[in-house]
Amino acid sequence: MIRPTDLSAASDPSGSSAATGPSGGSAASGRSARRARSARSAGFGPAGSPAKIQRFRHEAGKDPSLALLRAVEAGARNEVPVLLADLDDRARRALLPELKRLREDGTVTSDTRRAAYLAAAGCHTGAVACATWLRRSFTYEQDPYLVSAVLVGRPAEFLTTVVERLAARTDMRRWDWQLLRTLADLAHHPLPLTEATGAQWQAEAYERHYTRCAHRPRQRRRGESAAPHPDLSTPCGGLLAALREDPLTPRMLPHLIDTPELTGQLVWAACQQGEHLVDTWHGTYAALAAEGVLDRAGLIASTLTVLLRGTWPLNGVRFCVALLRALDLTADERAARTADWTRIAADAPSVAAGYAQEVLRDLWDTGRLTTVQLAETARGVFFRTEKQLVRAQLSWVEAALRRDPKDTAPVLLPTLGDVFGHTDTALQQRALRLAGRHLRHAGPAARDDLAAAAVLLRPGLLATAADLFDAPELVPDRPGPGAPAPHRDTLPEPRTPAPLPPPPHSAEEFAAEFASVLTAELRQRVTSGPYEWALDGVVRLAHQDREALAKALEPVAQRHSGWLDGTNWRLYGGFGLLPLLAAVTGRIDASDLRRARRATEHKNCPHTRFSHPWRRRLAEITALIVTGPVPPLLLAAPSRDSGALDPDDLLHRLDTYRAEGADPAPADFDIALLRLRRPADPAVHATRARALGTPAGRRLADWLTTPPPPAPAPERTVLRIDDHQTRPLMTDAPSRPLAKALPALPGIGDGHRPGDRWCGCLHGSARHWISLHPDRPDTLAVHLLPLLASSAVYTDRNETGILLTLAEAPGPPGPALHLALAYGLSVRHTDDRLAVVDAVLTLAARDTLDAARLGADLAALLAQGAVKANRVADGLATLVSAGAPVTAWSIGAALLPPLLTADTPPPRGTGDLLAALAGGAEAGGARQEAPWLAGLAARRGSSRLITEARRLHEALTG
């Protein structure tokens with residue numbers, strides 16, 4: 001394979017034969033000579049095989065275009081650049097259609113397609129079109145040097161445009177990077193600095209570093225005859241050596257800092273075979289800055305800019321802090337940016353704020369920071385929520401006040417008012433004590449400022465603040481004789497289930513809505529209301545005019561052809577809107593449906609109670625579309641988005657079936673009965689059903705007059721994960737009466753027992769499974785428990801929004817749903833916990849929340865280590881701030897006694913839990929005896945656990 005020897009010289013209009021490309025490559029020096037020598041040693045000259053070139057020209061006569069096509073058809077890529085040079089721009093443009101056809105032709109060989117790609121790259125006479133062709137079709141099988149060879153002779157502006165266009169792509173791969181560097185050398189154009197080029201350069205540099213580290217000296221460990229382990233006692237230095245050799249280093253390293261997506265990667269790309277500073281990226285930056293390769297002042301400015309912006313990923317902030325520590329800033333460099341350090345301490349992430357606080361403290365200790373600047377720093381830090389930073393700043397302010405109280409107290413003391421609003425009681429107490437100790441050195445203005453900020457203190461500290469600041473208005477008036485008025489939560493209005501939209505009137509109108517519902521299903525974001533509306537719309541419109549519906553949905557099918565071709569629609573997950581779309585547009589037949597049913601109705605799924613009836617009904621609908629006859633509508637389409645079906649709607653639909661002479665589909669009719677809402681007077685509706693005179697009417701009448709099949713109550717069980725971890729879950733016994741009453745729904749009476757069986761159907765289908773049992777939310781909650789239990793401990797992110805759907809279901813919540821809420825309050829991500837808090841508020845607003853049960857479940861889970869106390873505390877604190885302190889304390893009243901009276905020590909994070917519940921007790925006016933708390937509150941100490949226990953005890957006992 002040839003290499004473009006002396007390409008730069010050939011493309012240089014001035015004829016210069018020695019120029020160094022700004023991207024780091026040499027145009028016509030040693031590397032080009034080496035490429036020429038290697039090409040000749042492989043049997044080819046710098047322009048391919050002369051014998052082959054002569055043969056192609058001879059076969060084509062005097063037609064250079066035909067000669068190029070002969071070489072392309074033969075797959076002779078090495079000869080394409082020479083034959084292409086015989087063509088002018090007009091001839092090249094004429095060959096483009098045929099070359100593009102050969103590139104896409106699946107009947108020719110792969111060598112022919114690669115040669116067609118190469119020739120087409122040289123035949124594009126427009127720079128933009130050439131860059132588009134290279135971006136779309138260049139793969140790892142292509143040689144970047146051959147691509148450069150076909151572009152030799154192009155103007156510098158042409159090549160520059162191609163380079164800039166290629167550098168702008170975001171999905172750059174390794175072979176794209178190699179092509180870009182080769183073309184940049186050819187064009188004498190500086191390599192553009194983008195996120196993609198920076199990422200590829202960084203990966204290439206680290207690969208060279210890793211190769212060097214692989215050849216480190218080995219050492220032998222005890223008991224080993226060989227020495228297979230690298231010697232970690234000395235640094236590797238491979239990264240520093242690799243960057244020293246790379247001419248792009250001075251440009252690329254600052255660019256990595258300025259790119260948010262790349263800075264964070266520098267944290268993890270350190271040498272994994274040692275922890276020496278020189279083997280890390282930040283250590284390498286510092287070493288190159290010391291050598292003069294990088295501008296030290298520029299690095300400091302860029303790094304501080306990153307910390308000041310506050311929008312960089314956390315890993316990028318960590319790297320910048322590590323780089324500043326490695327640079328070891330001098331006292332003058334630190335003092336020159338005092339304002340920047342103050343802003344970083346106030347607004348940056350905690351890892352950067354802590355470092356800025358250290359720098360400012362050093363400046364204060366050396367006399368380079370004024371009292372006013374210290375006060376500004378203190379106000380910014382005191383406003384933060386991180387207790388460690390606020391505690392360190394309090395210590396700093398206390399030391400400053402102790403050193404010179406008369407001069408510093410008037411300036412520093414008012415800043416303590418910002419701590420009065422902190423959520424940590426110990427910090428509030430410390431700030432109040434510090435203010436009282438030095439208040440005599442401050443003037444009336446400082447006293448007034450502290451008195452105004454004291455309203456933020458917790459109720460137990462208001463009396464102390466009132467005496468200290470001479471502000472009796474801080475203490476609320478005591479209530480008069482008689483029992484105080486009970487506190488009430490401010491709860492949201494329960495959401496009323498909305499009726500489904502009316503059926504579609506035309507196929508064209510329906511196609512747009514169907515496309516959006518299908519997209520939501522593929523993204524696993526569809527809910528039962530739109531999904532059922534789409535199913536019913538397909539059946540109604542197919543019954544009215546099948547051809548018009550197929551014509552309207554054909555563009556939707558073409559957009560999703562990747563799913564509908566072959567068997568992808570079966571592998572996607574069984575039956576849904578995809579096979580229904582394929583059935584309407586004539587892409588599947590009855591044999592496809594039989595194979596799909598056998599593939600999807602497997603017995604390994606632990607959710608057969610939901611998955612099998614759901615898939616059976618969808619398969620039934622799809623089969624009716626394929627084989628006919630199509631019914632006029634679906635009987636089981638719910639009346640409301642909760643999944644409930646009104647008896648009047650079902651009677652009207654059965655009357656439509658009778659008038660049309662249609663027979664109900666078995667699975668559709670059984671799900672309609674399952675969703676049916678029991679009327680207040682079943683006898684009236686049963687009489688109307690019998691009056692229809694059809695078997696379906698008589699069955700509906702019997703269903704209405706017979707008591708519903710009983711639902712087995714879930715039972716608590718414990719799933720053992722390992723020798724040290726267990727998870728309380730729920731089991732559900734099979735319901736044979738339900739299975740007998742609904743024979744067309746396989747698995748509807750199956751029970752559930754958690755185990756090690758796993759399937760993915762719960763993730764995408766649970767949103768509308770609740771519509772199968774709208775009156776039994778506990779039935780689905782049993783199945784959700786294993787996923788929520790995993791999210792409560794690990795980093796899994798399973799959807800918790802379905803708990804809000806279960807809370808809004810018309811059926812009563814049971815023990816399984818309350819246990820699911822207990823797990824949900826401990827999920828890792830805050831926004832996921834907010835969805836659980838919304839579910840708790842919904843149950844409280846409907847007056848169906850069993851707070852004692854939820855608190856007892858939380859206590860049991862905390863005792864077994866199945867949930868984390870700090871996350872539960874955050875959920876309960878959110879309840880308080882949302883206007884439900886009474887509900888929060890009702891849960892805590894059942895949670896704390898078993899947790900604090902157990903034989904084992906309280907779990908980690910109990911102090912946060914006590915703080916959240918103390919806030920609920922204070923805001924809700926809770927009063928009760930708490931013997932289970934008195935012992936802990938009477939202990940000596942200042943830990944958060946004891947401090948918050950005292951606070952809660954004071955709130956409960958008055």
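The lining of the second largest pocket in this predicted model divides into 9 nonpolar, 9 polar and 8 charged residues, where Ala, Val, Leu, Ile, Met, Phe, Trp, Tyr, Cys and Pro count as nonpolar, Asp, Glu, Lys and Arg as charged, and the others, Gly among them, as polar. This pocket is lined by 26 residues, of which Thr423, Ala877, Ala915, Ala916 and Arg944 lie nearest its centre, and its volume is about 600 Å³. On a 1 Å grid over the protein atoms alone, a pocket is an open set of points with protein on both sides within 12 Å along at least five of seven lines, a cavity is a set of points where a 1.4 Å probe fits but cannot get out, and lining residues have an atom within 4 Å of a point. Grid points are joined across faces, edges and corners, and a volume is the space filled by probe spheres set on the points. Two or more residues of the pocket lining are given by each of helix 26 (425–438), helix 48 (869–881), helix 50 (910–924) and helix 52 (944–957), with the largest share, 7 residues, coming from helix 48. Helices (H or I, at least four residues) and strands (E, at least two) are DSSP runs, numbered from the N terminus.

Residues are numbered from 1 along each chain as its sequence is written, and side-chain values use heavy atoms, with hydrogens and water left out. Because the model is predicted, local features need pLDDT of at least 70 and side-chain atom pairs count only at pLDDT 80 or more, whereas totals for chains, interfaces and linings use all residues.

By the grid rule, the count comes to 2 cavities of 30 Å³ or more. The second largest cavity holds about 40 Å³ of space and is lined by Leu134, Arg135, Leu166, Arg169, Met172, Asp176, Leu179 and Leu180. Helix 8 (127–137) and helix 11 (174–187) are the elements that give two or more residues to this lining, and the largest share, 3 residues, comes from helix 11. By class, the cavity lining has 5 nonpolar, no polar and 3 charged residues.

Helix packing was examined next. Two packed helices are described by the angle between their axes and the distance between the axes; axes are lines fitted to C-alpha atoms, for helices over the stretch in contact, and angles run from 0 to 180 degrees between N-to-C directions. Angles under 35 degrees count as roughly parallel, over 145 as roughly antiparallel, 65 to 115 as roughly perpendicular and the rest as oblique. A crossing is left-handed if the near helix is turned anticlockwise from the far one by less than a right angle, and right-handed if clockwise, while contact means heavy atoms within 4.5 Å.

Helix 36 (residues 608–627) packs against helix 38 (residues 666–675) at an angle of about 135°, with the axes 8 Å apart, and the two helices are therefore oblique to each other. Their crossing is left-handed, and the contact joins Pro613, Trp614, Arg616, Arg617 and Glu620 of helix 36 to Pro666, Ala667, Asp668, Ile671 and Arg675 of helix 38. This contact comprises 5 nonpolar, no polar and 5 charged residues.

Helix 36 also packs with helix 30 (residues 528–544), at an angle of about 20° and with the axes 10 Å apart, so that helix 30 and helix 36 are roughly parallel to each other. The crossing of helix 30 and helix 36 is left-handed; Tyr531, Glu532, Leu535, Val538, Val539 and Ala542 of helix 30 make the contact with Trp614, Arg617, Leu618, Ile621 and Ile625 of helix 36, and the classes represented are 9 nonpolar, no polar and 2 charged residues. In the loop between helix 36 and helix 37 (647–660) lies Pro629, and the peptide bond from Gly628 to Pro629 is cis, with omega near -10°.

Helix 17 (residues 281–291) and helix 19 pack at about 40°, with their axes 8 Å apart, and are therefore oblique to each other, in a right-handed crossing. Here Trp281, His282, Tyr285, Ala286 and Ala289 of helix 17 meet Phe319, Ala322, Leu323, Ala326 and Leu327 of helix 19, a contact with 9 nonpolar, 1 polar and no charged residues. Asp328, in the loop between helix 19 (314–327) and helix 20 (331–335), has a positive phi of about 55° although it is not a glycine.
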